[in-house]
Number of protein chains: 2
Amino acid sequence: MTPAQSPITSADKTFFQLRTDIVEGVIAAGTKLSETELSTNYGVSRAVIREAINRLVACHIVERRANVGARVVNLTTEGLIELYQIRESLEGMAARLAASNMTDTEISNLESLLNDHFEEVKQGHSYYQEAGDVDFHYRIILGCKNNHLISMLTDGIYHLVRMYRVQLGMAGPRVSTAFDEHKHIVQAIANRDGELAEILMRRHILYSKNNIQKKLL
Amino acid sequence: MTPAQSPITSADKTFFQLRTDIVEGVIAAGTKLSETELSTNYGVSRAVIREAINRLVACHIVERRANVGARVVNLTTEGLIELYQIRESLEGMAARLAASNMTDTEISNLESLLNDHFEEVKQGHSYYQEAGDVDFHYRIILGCKNNHLISMLTDGIYHLVRMYRVQLGMAGPRVSTAFDEHKHIVQAIANRDGELAEILMRRHILYSKNNIQKKLL
DNA sequence: ACCGGCTAGATTGTCGACAATTGACCTACA
DNA sequence: TGTAGGTCAATTGTCGACAATCTAGCCGGT
């Protein structure tokens with residue numbers, strides 16, 4: 001799913017591990033992160049834990065107050081809306097750029113990916129499950145070829161999005177509609193129509209937000 | 001200009017200092033950042049330097065390779081374009097949200113700010129100088145009330161933008177035209193027309209990008 | 001002369017100990 | 001009883017030393 005992360009240093013590994021544990025809910029939202037405690041739990045020095053925590057702060061997964069400590073962020077409705085506004089903006093741009101910058105083979109790969117998903121939908125499997133949706137969005141993000149943008153989305157935003165999805169249990173009913181939206185986005189990209197691709201991607205994410213927002217009220 | 005940063009810890013101060021020195025060009029782009037050397041220069045321990053560098057890595061001002069070291073990023077045309085694509089996307093969204101979320105007093109403050117600038121323009125002062133432009137964009141960003149978005153722009157993107165501006169010397173000729181663009185954006189926000197505000201802001205940044213791109217060829 | 005491996009120096013990564021700050025509890029006093 | 005102040009334990013911030021890793025230069029073989 002996500003491309004091979006290659007943890008080199010001990011701090012890398014600890015960062016990835018901690019991030020996974022928080023996103024998956026092993027460490028609950030709002031939890032205080034005690035450096036000494038984590039240090040013993042993960043079997044590394046406090047310096048390593050500190051570096052990992054600082055990186056999590058940079059992705060907005062953890063908040064730190066000087067001389068007081070670090071806490072996992074709380075999952076709020078406002079936070080989720082903020083996140084989706086950013087997604088709408090950045091992924092819309094990614095789709096626009098992808099229409100210009102994806103190679104023909106990348107596009108045909110994306111189309112065949114979509115066909116595979118179509119088969120699953122026909123057989124009644126819920127399409128809007130993590131893997132398929134994430135995979136789709138992921139390829140378009142990579143297709144934009146803007147490294148800074150790619151990094152912001154894949155290193156920063158997406159883990160937070162996933163945290164909300166996992167912990168608020170969002171495997172919503174937007175099955176076939178979401179699939180159609182994906183199909184139209186790919187069509188626009190294949191036609192090299194960046195403007196349309198952006199509009200469609202933004203609407204797609206906006207619908208998603210509205211759907212979730214409805215469920216949370 | 002930028003709101004009061006309150007450096008608490010020694011690492012905070014070192015981070016701000018280092019960032020300023022890099023953005024202003026005291027430490028040139030592409031320079032290798034030796035931890036021990038910086039440690040003696042700034043009069044703090046290596047741990048503090050490491051934390052500061054890691055934060056700079058998170059803002060994409062510095063790149064680090066494990067076991068090798070950290071370097072200040074190189075300023076490339078591609079990097080600048082990437083940055084402006086992100087700005088177009090995020091600040092467009094900020095303008096849209098600002099049209100909904102700014103208070104009436106914030107809007108009237110913004111209008112009077114623009115009037116002050118207009119006086120300067122009438123008197124022949126180059127409007128498109130750092131202070132005025134940054135101030136304008138800054139207020140709109142804050143006006144969006146999306147804390148995550150605010151943080152991405154003010155902590156992340158803007159220092160890089162400034163680094164390009166300072167080091168590539170961009171005090172371009174877009175004087176009165178930029179002022180008009182600002183005026184129209186404020187009008188849209190005052191009318192609570194988010195959609196138009198976004199379109200105008202995106203075009204404003206796009207023009208800016210084209211202008212710079214033209215000068216760099 | 002050129003290429004591959006090896007050694008030495010320097011740099012980064014990790015660790016445990018010490019210093020500084022915070023928050024809570026406890027006490028004294030109005 | 002409630003509040004202000006002080007004390008103490010616990011946590012975070014900072015430091016210097018040690019271990020692991022990379023780069024550059026040297027040496028020997030082909």
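This is a predicted model: local features need pLDDT of at least 70, side-chain atom pairs count only at pLDDT 80 or more; totals for chains, interfaces and linings use all residues.
Rings of Phe, Tyr and Trp (for Trp, its six-membered ring) form a pair if their centres lie within 6.5 Å; planes under 30 degrees apart count as stacked, over 60 as edge-to-face, and the rest as tilted. Residues are numbered from 1 along each chain as its sequence is written, chains are lettered from A and ligands numbered from 1 in the order in which they are written, and side-chain values use heavy atoms, with hydrogens and water left out.

So, how many aromatic pairs does the structure hold over all chains? There are 2. In one of them, the ring centres of Phe15(A) and Phe16(A) are 5.5 Å apart with planes at 45°, so this pair is tilted. For Phe15(B) and Phe16(B), the centres are again 5.5 Å apart and the planes at 45°, so that pair is tilted too. Are Phe15(B) and Phe16(B) buried or exposed? Both are buried, where buried means under 20% relative accessible area, exposed over 50% and partly exposed in between, using a 1.4 Å probe and protein chains only. Phe15(A), at 6% relative accessibility, counts as buried as well.

Now let's look at chain A as a whole. Chain A has 9 helices and 3 strands; helices (H or I, at least four residues) and strands (E, at least two) are DSSP runs, numbered from the N terminus. Of the 217 residues in chain A, 50% are buried.

Next comes the DNA. Around DNA strand D there are 22 residues, and the closest are Arg46(A), Arg50(A), Asn67(A), Ser10(B) and Ser45(B); a residue is near a strand if one of its heavy atoms lies within 4 Å of it. Which element gives the largest share of this surface? That is α3(B), with 3 residues.

What part of DNA strand D faces the protein? Some backbone atoms of the protein sit by phosphate oxygens of DNA strand D: a polar backbone atom of Ser10(B) is 2.4 Å from one, a backbone N or O atom of Asn67(A) lies 3.2 Å from one, and for Glu35(A) the value is 3.3 Å.

Conventions: A polar contact is a pair of N or O atoms within 3.5 Å; within protein, one must be able to donate a hydrogen and the other to accept it, and residues adjacent in sequence count only if both atoms are side-chain atoms.
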